[in-house]
Amino acid sequence: MSDAPIGAATLGSPQPFSFDDLKARAKTLSQTPYAPAPQPDDPLRGMTFDTFAQAVYKPEMELWRDVPGAQTVRLFPQGRFYAEPVGIYVLENGSAREVVYNPDYFNMPADHPLRKLKSAGFAGFRLMSRGGASDWLAYLGASYFRASDPYDQYGGSARGLAINTGEPEEFPRFTNFWLEPNGSGMTIYALLESKSVTGAYRMDSRRIEGGQGGAIQDIECELYFRAPVRLLGIAPLTGMFWYGENSGHFRGDWRPEVHDCDGLAMWTGRGERIWRPLSNPPRIVTNSFIDDNPKGYGLIQRDRNFENYQDDSLFYDRRPSMWVEPLSGWGKGAIKLVQLPTPNETEDNIVAFWNPEQPIVAGSVINARYRLYWGLDSPPTGDVARIVATRVGLAGLGGRDLDLRHTKPGARKFMIDVEGKTLEDEVRYGGLETIVTTSRGTITGVEAFPVVGTKRWRMMFDLGDLDGQPADLRVFLGKKGEALSETWLYQAFP
């Protein structure tokens, strides 16, 4: 071992490394039985989140700290929720050198549980912003990673891979990382492994300068399957939706809305733009949107109005949106949306991913390339107007007695706001209409009109007669048969 030329951390001996070598290693591992990570030592079992946060990586130990213009890196220690250690290597000139763990890298109390571990290590890493006041990209736990751009606020997460989401789930984990600066960004290589799969990942990560900011990661993964997988999720995104403007009833919390994403946006292979508002369902609900070579999808936080959250601590109005753009033909399959019920905001309950049509059996190999955007919204997908709000309430005519002349028990009203350049020259009674279809029930009170004092238009209708079953709704704002807005999809529960 020798001192690192990239900082004060100690590095192991250099070993040759390339992405092709990593793929070969993943393939070889897939042909051997899975060896699960050892169980954590007892000191980790009692750690709380606050105790974990007490171990702070020393700024003077940052990787690449003394290299002008380079991306600096700080490391996470093991903890109760991140018990399995990962190998972290630095790359220079085709050689990899492991960062050797030392508790002295961290400022922590003398009686901290990490000082009692028989064998300790790192749990992950984070890329620091200039000046070291905050970080903009972090990898920590299983195969999770997330970015904080553009508002320096973390929210939803991406994952390397999802297996059997919504069922007894298998969580593949990144077991080793190789870090290589690419100017002011970082190329991250990772080895993924679980009972059913191994994988090699390359993730070129950089920040977007100017404009609305954000971050971009160009990701390639090659997967080798040890065993059949029933539900495979490529490029999975994870978020939280407790309640929002479409929840329709009081949740007992003082804030008007609590979520870090409010919709699933999709751009299909045929060019249709779709918006699916998220919900906190009464049971686990999985929806499939069948497609062929999709152009993109993402979990989006469109509502950026602080007044709609009133949270000046967790800042839900600043949570980043996540958008996946395939960089290679993905073929046939489906974008899957899994929504799980949650009683609070501490549990991520929304997952979206690409599920290829091909069956996954032992020996299957998949290569996928995609670009992952972190930003304010999905990248522009054409000139159609965007869905910006969904509100749900009692059916009938506002300001009048709700009796059987106007509504039926259990019927609901849907108000869907849209805005965009395609609507700027439109006037009321100028031919715009709400086009709505449902798989069940009765649609009444269909209207389309401009919202007074705004640039928005509103689509409105009532839905009744569900007879205890959910209904799949499809709505768009049209004129002479042409869609001027995204297509709004929704599953209404009775």
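Residues are numbered from 1 along each chain as its sequence is written. In this predicted model, local features need pLDDT of at least 70 and side-chain atom pairs count only at pLDDT 80 or more, while totals for chains, interfaces and linings use all residues; side-chain values use heavy atoms, without hydrogens or water.

**Stop 1: the largest pocket**

Rolling a probe the size of a water molecule over the atoms shows where empty space is left. Here the search runs on a 1 Å grid over the protein atoms alone. A pocket is an open set of points with protein on both sides within 12 Å along at least five of seven lines. A cavity is a set of points where a 1.4 Å probe fits but cannot get out. Lining residues have an atom within 4 Å of a point. Points are joined across faces, edges and corners, and a volume is the space filled by probe spheres set on them.

Select Phe 49, Tyr 82, Leu 140, Arg 146 and Ser 157. These lie nearest the centre of the largest pocket, which 37 residues line. Its volume is about 1,100 Å³. Now colour by element: helices (H or I, at least four residues) and strands (E, at least two) are DSSP runs, numbered from the N terminus. α3 (49-53), β4 (56-57), β5 (73-77), β10 (135-140) and β11 (144-147) each supply at least two lining residues. β10 gives the most, with four residues.

For classes, Ala, Val, Leu, Ile, Met, Phe, Trp, Tyr, Cys and Pro count as nonpolar, Asp, Glu, Lys and Arg as charged, and the others, Gly among them, as polar. The lining of the largest pocket has 23 nonpolar, six polar and eight charged residues.

**Stop 2: the second largest cavity**

Keep Phe 49 and Tyr 82 selected. Both also line the second largest cavity, along with Met 47, Thr 48, Phe 52, Gly 79, Arg 80 and Phe 81. This cavity holds about 30 Å³ of space. Its lining divides into five nonpolar, two polar and one charged.

**Stop 3: Val 99**

Go to the loop between β7 (95-98) and β8 (106-107), where Val 99 lies. Is Val 99 buried or exposed? Val 99 counts as buried because its relative accessibility is 2%, and buried means under 20% relative accessible area (exposed is over 50%, partly exposed in between; 1.4 Å probe, protein chains only). Show its contacts, meaning heavy atoms within 4.5 Å. Leaving out residues up to four places away in sequence, Val 99 touches a set including Ala 9, Leu 63, Ile 88, Tyr 105 and Phe 122.

**Stop 4: the largest cavity**

Select Glu 245, Asp 262, Trp 275, Ala 389 and Thr 390. Of the 16 residues lining the largest cavity, these are the closest to its centre. The space is about 120 Å³. β22 (273-277) and β29 (386-394) give two or more residues each to the lining. β29 has the largest share, four residues. Seven lining residues are nonpolar, four polar and five charged.

**Stop 5: β22**

Five of the five residues of β22 are buried. In a regular strand the side chains alternate between the two faces of the sheet. Arg 273, Trp 275 and Pro 277 point one way, Ile 274 and Arg 276 the other.

Which strands pair with β22? Strands pair if DSSP finds at least two bridges between them. β21 (residues 263-267) is antiparallel to β22 over five bridges. β36 (residues 487-492) is parallel to β22 over two bridges. Trp 275 stands opposite Trp 488 in β36. Trp 267 has Arg 273 as its bridge partner. The β21-β22 hairpin has five residues between its strands, and Gly 271 in the turn has a positive phi of about 100°.

**Stop 6: the second largest pocket**

Select Asp 377, Ser 378, Pro 379, Pro 380 and Arg 386, which lie nearest the centre of a pocket lined by 31 residues. Its volume is about 690 Å³. β21, β22 and β28 (365-375) give two or more residues each to this lining.

**Stop 7: the β29 sheet**

Finish on an open antiparallel sheet of four strands, ordered β29-β30-β33-β32. β29 and β32 (442-450) are at the edges with a single partner strand each, so one side of each has no neighbour in the sheet. Seven bridges join β32 to β33 (residues 457-464). Among them, select Thr 442 and its bridge partner Gly 464.
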